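This report describes selected features of the structure shown below. It starts with individual residues and ends with confidence.

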Amino acid sequence: MTKEDSTPTRPRVFAALRSFFIRHPSLQRLIWPLAGLGLLVLFNLMFDRAFFEITTRDGNLYGPVMTILRLAVKVMLLAIGMTLVIAAGGVDLSVGSVMAVAGALVAYLSTQGDWPFAALLGVAVLVALVAGAFNGTLVAFAGLQPIVATLIMMVLGRGLALSITGGLPISVQDPGLEFLGRGFVAGIPAPILLVVAVVVITGIACRMTALGLFIEAVGDNENASRMSGVNARGIKLFAYVFCALCAALAGLVTVGDVGRVEPDRLGQMLELDAITAVVVGGTVLTGGRFSLVGSIVGALLIQTLTVTLIRQGMPSDVAPVPKALVIIAVCLLQSPRLRAQLAAWRSGVRRVGA
Amino acid sequence: MNMIFRRQNLPLLVTALVFVVLFGAFSVAFKNFLSLRVVTNLFMNNAHVGIIAVGLTFVILSGGIDLSVGSVLAFATVLVATLIGKFHFHPGTAIALTLLCGAVFGAGQGFLIQSYQLPPFLVTLAGMFLARGLAFMVSAKEMAIEHGFHRALAGLGLPLPGGVAFGFTACVFVVVLLVGLWIAHLTRFGRNVYAIGGSESSAVLMGLPVARTKVMIYALSGFCAALGGVVFTVQAQSGNPLNGFGMELDAIAAVVIGGTLLSGGVGQVAGTLLGVLIYGTILTAPDYLSGFDSSWQRIAIGGLLLAFIILQRFLSRASTPGG
Amino acid sequence: MKMNLFPSLRHLFPLAAVAILPLAGCDKQPPVGNPKPGKTLTVGFSQVSAESDWRVAESKSMKDEAAKRGIDLKFSDSQGKQENQFKAIRSFIAQGVDAIILAPKVETGWEEILKEAKQAKIPVVLVDRGIKVSDDSLYVTLIASDFVAEGKLAGEWLAKKTGGMARIIELEGSPGAAPAIDRKKGFAESIAAHPGMKIIASQSGDFETGKGKEVMETLLQQHGKNITAVYAHNDNMALGAIEAIKAAGKKPGVDILIVSIDAVRAAFTAMVAGDLNCTIECNPLLGPLAFDAVEKARKGEAVPKKTVIEDRVFDQSAAAAELPNRKY
């Protein structure tokens, strides 16, 4: 067939791209949240050129794009942990509260004498271990539904955070925390580097070892995985502990960034943002295959949307409406049925044209 | 009577037992708890969440989820208040229109979920944002309802001994429950819902009208959310775009506590009633305790939830042969 | 599939558990309303939430005052939901409290629930904001600040300080919240007389430090040197704005003037440090006044219908002196 020679370059590029993505299905799912992000970037290119300005001061990078990256850090961290939990077939509503407990405890301790940063970090890890073990045990060993088990932790955690501080906000006094939240390394904000590190480490652990495979197996079909010899309960417990660790880390970053802990508000409603980021990123809520990069893209999408709306002066009370429309748009882009419909429409048009 | 103790009734029985234990424990711990007034309060306080939860039960039974219910409730309250206050509609017309809007909104979500196979979580999350934003667009601030008919509705109720009245909102809740029970167990639609929840592909292969049923499920949920809002306006005699914040989580919790599985196919409307009562009872506990501040209130609620959910789990494990 | 219609309902027998509820009516009804003199007073306090320094201070004031007077206080935090306040009030009525103190989340919607309290002969004292009801006798008295006046004072201070020329960023409170709406209104009214004062952007910081910082950062990048002043509906958001301004390399309080409302302790610390310029007081220590009203009402004495708390203006000059006095 000599058709190849006569086809113009553009369809050939498309064909090459298509075969590439067919060979890498995990990347295929990534297209759509990236497309959503691309839409927002396009919008800003057209209406808000200043969006892309990057300035330097004292050797550090600043600008709306840097702001988005920095502000997205907490949701990104939460989303990484949430990805593993959702992939294992569960969900964790308590991440916001775990952020609050870790943040509140660390902030409180930082005002009570000289705690070295490493010790504070250790305390946060301990909090995460306890919270994660609590959730994991209830779900994996007591067989409670994840929503109920983590809802309990969500309520308990918020109460604990309030009782640690006596309900009052605390100002943080620890240079290590402040660096974590606001510092710069080689011009790049420290929290961003932290997220990169966490993603890389988690990615390596999941894809270079059997861990990722086990998690996906448990989420896909728990009974089958157990019969194949996977320690389903252990995997689930691990997922919840890991998620709590990410939440505690997010709490530390937020506390360091803001400098102040408001125990009732820290992390409030962030679990919803985290779950949204994960689902937009291509991981299915029922469990199974997951994509860490997808969750990161999802978190970026949410944050970009928020910042774009603020810059466009959208009044805060009706801002949810464009948010809703963008989410629907990204979903529709991901829908195979819509794409099939569009393809049919396009070929129908072509047939009419020819 | 062996029928009652059949295998599939056990979860419901266990949940009922948990409720009895809970209510009993509180009656012993708090004076004045075991009273008709408290029971009435339980229904009055949780009427709107309960109505939403009934609609939500069908969604969850089918394996889906609806996060928009709280915001649709808010939108409904604002719409009713604005139609009556600004456009001088009769409350009856305003209520009918609002219920219609709720159903259409839900159907829209159902259409997107069904036709394009979109994840229910994201579609109804978008619905939540959309309804909330629309509520603020209709009225950026709260709005009182001043109409004789509406006020008269608030006065309707069943007078009970002791000066207590089983008010309009509670009555509507009970009616919705009964209708929900009827739909779930005595109609083909109800059976289809269970079938879809059990296995959607099997339902399709069996020739059940899956597409139509799914859209109707979400329409029902939207309708119930709007009805919850209408009932809220009768209680509050006002509309407010801030209403219903976080109510979707309360409703989901009530449904799940009642024994309905989030994966779908398992659960009952009767369970939802028990879930609403259990959750509602636990939430009132801090009001009876002296010297509790905000932090201990949350800890108390969390602790009670933990205790009673574990009790429920333990009882159902113990009563099922083979663990 | 053989279908017997009615047998399928048999599995609903467990619902009989609900039938125990009416049996509850067999117990004697709790006394409501009139306690014997000399008994410890029980008062129910329905608070909105624990969302800010201010709220927590208000709750603490109530608790401390109740402890001082030997009153048994039942405290209910409604987590920001009006329906939870309905629930709390009903629980208080069921317990036969001697009085109810209510900090209403919103202005409307209280008619029916207060009727229930009235029927039970329990007096209701409102704190912190007023409500719209058709029947004034549904509550005994109102002890509150005037949010619109607070906004006005902020605007007037800023106008005087800048000589009527300012480009202002407004950090709003949570959408739909009454203090946010009123403080916006008051401020807008007071700067209307000064055409040189323009609000160049107005976004919600949700009354929270973190959100205030995020929003301020975004707006700083967008408007940069154009900004000369910030008006925050509460101190928490102002503190966030201060951090954002510092991070952008500017000097808060000097390059950009900041005025906010609430006058919490942290605001005074910021003023002493030179970061905050002015804060309008919104006194949350309403405990003493509230319980005064409660005791008067129980004795049947007359109580003024409305007590408006005077809001003071504090700027940097008064900050150091006042700081030790700030209890919250």
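In this predicted model, Arg129(C) is buried, with a relative accessible area of 5%. The side chain of Arg129(C) meets that of Glu107(C) in a salt bridge, at 2.9 Å from N to O. Arg129(C) sits in the loop between strand S4 (124-128) and strand S5 (141-144) of chain C, and Glu107(C) in the loop between strand S3 (99-102) and helix H4 (111-119) of chain C, so the pair ties together parts that are 22 residues apart in sequence. Glu107(C) counts as buried because its relative accessible area, 19%, is under 20%.

Arg129(C) also forms a salt bridge with Asp182(C), at 3.8 Å from N to O. Asp182(C) belongs to helix H6 (residues 178-191) of chain C, so this pair ties together parts that are 53 residues apart in sequence. Asp182(C) is buried as well, with a relative accessible area of 15%. Elsewhere, salt bridges with shared partners join Glu65(C), Lys68(C), Arg69(C), Asp292(C) and Glu295(C) into one network. Over all chains, a search of the whole structure finds 38 salt bridges.

Some salt bridges cross between chains. Arg298(B) forms one with Asp77(C). This pair runs from helix H14 (residues 294-319) of chain B to strand S2 (residues 72-77) of chain C. Arg298(B) is buried, with a relative accessible area of 7%, and Asp77(C) is buried at 4%. Arg298(B) also forms a salt bridge with Asp264(A).

The table lists the salt bridges named as pairs here, with the N to O distance of each.

| Residue | Partner | N to O distance |
|---|---|---|
| Arg129(C) | Glu107(C) | 2.9 Å |
| Arg129(C) | Asp182(C) | 3.8 Å |
| Arg298(B) | Asp77(C) | 3.7 Å |
| Arg298(B) | Asp264(A) | 3.0 Å |

Between chain A and chain B the rule finds 1 salt bridge, and 6 residue pairs are in polar contact. Helix H6 (117-141), helix H7 (146-165), helix H13 (270-280), helix H15 (320-334) and helix H16 (336-353) of chain A each supply at least two residues of the side that touches chain B. H7(A) gives the most to that side, with 12 residues. By residue type, the side of chain A that touches chain B divides into 29 nonpolar, 7 polar and 5 charged residues.

In terms of contact, 41 residues of chain A meet 40 residues of chain B. The two chains bury about 3600 Å² between them, 81% of it on carbon and sulfur atoms. In chain A, the residues that lose the most area to chain B are Gln145(A), Ile147(A) and Arg337(A), together 14% of what that side buries.

Back in chain C, Cys282(C) lies in the loop between strand S10 (278-281) and helix H10 (287-299). Cys282(C) counts as buried, at 1% relative accessibility. Among the residues that Cys282(C) touches are Trp54(C), Phe147(C), Arg183(C), Asp262(C) and Tyr328(C). From Cys282(C) to Asn236(C) the separation is 46 residues in sequence and 13 Å in space, C-alpha to C-alpha.

The last topic is confidence. The predictor gives the complex an ipTM of 0.89 and a pTM of 0.88. Chain C has a mean pLDDT of 86, with 88% of its residues at 70 or more. Within chain C, confidence is lowest in helix H1 (residues 20-23), at a mean of 55, and highest in strand S8 (residues 229-232), at 96. pLDDT stays under 50 over residues 1-8 of chain C, and also over residues 25-36 of chain C. Where pLDDT is low, the predicted coordinates should not be read in detail.

Notes:
Residues are numbered from 1 along each chain as its sequence is written. Chains are lettered from A and ligands numbered from 1 in the order in which they are written. This is a predicted model: local features need pLDDT of at least 70, side-chain atom pairs count only at pLDDT 80 or more; totals for chains, interfaces and linings use all residues. Side-chain values use heavy atoms; hydrogens and water are left out. pLDDT is the predictor's confidence in each residue, from 0 to 100. Helices (H or I, at least four residues) and strands (E, at least two) are DSSP runs, numbered from the N terminus. Contact means heavy atoms within 4.5 Å. Buried area is the accessible area (1.4 Å probe) that two parts lose on being put together, summed over both. A salt bridge is a side-chain nitrogen of Lys or Arg within 4 Å of a carboxyl oxygen of Asp or Glu. A polar contact is a pair of N or O atoms within 3.5 Å; within protein, one must be able to donate a hydrogen and the other to accept it, and residues adjacent in sequence count only if both atoms are side-chain atoms. Ala, Val, Leu, Ile, Met, Phe, Trp, Tyr, Cys and Pro count as nonpolar, Asp, Glu, Lys and Arg as charged, and the others, Gly among them, as polar. Buried means under 20% relative accessible area, exposed over 50%, partly exposed in between (1.4 Å probe, protein chains only). Lists of a residue's contacts leave out its neighbours within four places in sequence.
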